[in-house]
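Here is a short tour of a protein model, written for someone who likes to check the coordinates along the way.

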Amino acid sequence: MLICLSCTADAQQSCEQLEEKYLDADRMVSLLDQTSFSFSEEFDTSQSSWIKAASFYSCDGAKGYFVLRTSKKVYLYKDVPKDLWSRFKKADSLGSFYNRQIKGRYEY
């Protein structure tokens with residue numbers, strides 16, 4: 001019988017195993033990075049003055065987790081449509097698009 005007393009988070013878990021309960025945004029983002037999704041993507045945000053990174057993770061390819069990183073904070077949004085992610089990437093101003101289309105409309 002094998003007992004794991006000190007298991008590490010090196011192994012990938014599936015979307016079905018993803019547990020959100022009681023996790024703050026920072027811990028949830030860390031868990032997202034360890035999960036295998038049907039679709040996941042990071043986007044180069046170097047054109048933005050305050051958005052340092054953006055990524056999207058989806059289990060079903062239709063909706064997913066939108067993660068936005070600034071130099072001061074990590075923002076996590078749940079149930080964001082994948083087509084909104086596509087429009088975010090094409091926006092002339094990532095910050096303006098975020099403020100108009102995502103902030104306050106989706107929550108974790």
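The report below goes from the overall picture to a helix pair and then to a few individual residues.

**Overall picture and confidence**

Please keep in mind that this is a predicted model. The average pLDDT of the protein is 86, and 86% of the residues reach at least 70. Among the elements, strand E1 (residues 13-14) has the lowest confidence, with a mean of 76, while H2 has the highest, at 98. The stretch to treat with care is residues 1-10, where pLDDT stays under 50. For that stretch the model has 1 contact beyond four places in sequence. Where pLDDT is low, the predicted coordinates should not be read in detail.

The protein contains 3 helices and 6 strands. Reading from the N terminus, the order of the elements is β-α-β-β-β-β-β-α-α. Of the 108 residues, 35% are buried. If you take the contacts between residues at least 6 apart in sequence, 38% of them join residues at least 24 apart. The exposed surface comes to about 7100 Å², and 46% of it is supplied by carbon and sulfur atoms.

**The pair H2 and H3**

How do the axes of helix H2 and helix H3 cross? Helix H2 spans residues 82-90 and helix H3 spans residues 94-101; their axes come within 8 Å and cross at roughly 150°. The two helices are therefore roughly antiparallel to each other, since angles over 145 degrees count as such. On the H2 side, the contact is made by Leu84, Arg87 and Phe88. On the H3 side, Leu94, Phe97, Tyr98 and Gln101 take part. Sorted by class, this contact has 5 nonpolar, 1 polar and 1 charged residues.

**Ser55 in strand E4**

Ser55 belongs to strand E4, which covers residues 51-58. Is Ser55 buried or exposed? Its relative accessible area is 1%, so Ser55 counts as buried, the cut-off being under 20%. Leaving out residues up to four places away in sequence, Ser55 touches Glu41, Glu42, Tyr65, Phe66, Val67, Arg69 and Trp85.

Asp79 sits in strand E6 (residues 74-81). Its phi is near 60°, a positive value in a residue other than glycine. With a relative accessible area of 43%, Asp79 is partly exposed.

Asp79 is also one of the residues touched by Tyr106, which lies in the segment after H3.

Apart from neighbours within four places in sequence, Glu107 is in contact with Leu76, Tyr77 and Lys78.

**Distances to check in the viewer**

| Pair | Separation in sequence | C-alpha distance |
|---|---|---|
| Tyr106 and Val80 | 26 residues | 6.8 Å |
| Glu107 and Tyr65 | 42 residues | 9.8 Å |

Technical notes:
Residues are numbered from 1 along each chain as its sequence is written. This is a predicted model: local features need pLDDT of at least 70, side-chain atom pairs count only at pLDDT 80 or more; totals for chains, interfaces and linings use all residues. Side-chain values use heavy atoms; hydrogens and water are left out. Axes are lines fitted to C-alpha atoms, for helices over the stretch in contact, and angles run from 0 to 180 degrees between N-to-C directions. Helices (H or I, at least four residues) and strands (E, at least two) are DSSP runs, numbered from the N terminus. Angles under 35 degrees count as roughly parallel, over 145 as roughly antiparallel, 65 to 115 as roughly perpendicular and the rest as oblique. Contact means heavy atoms within 4.5 Å. Ala, Val, Leu, Ile, Met, Phe, Trp, Tyr, Cys and Pro count as nonpolar, Asp, Glu, Lys and Arg as charged, and the others, Gly among them, as polar. pLDDT is the predictor's confidence in each residue, from 0 to 100. Buried means under 20% relative accessible area, exposed over 50%, partly exposed in between (1.4 Å probe, protein chains only). Accessible areas come from the Shrake-Rupley method with a 1.4 Å probe; for residues, only the protein chains shown count as cover.
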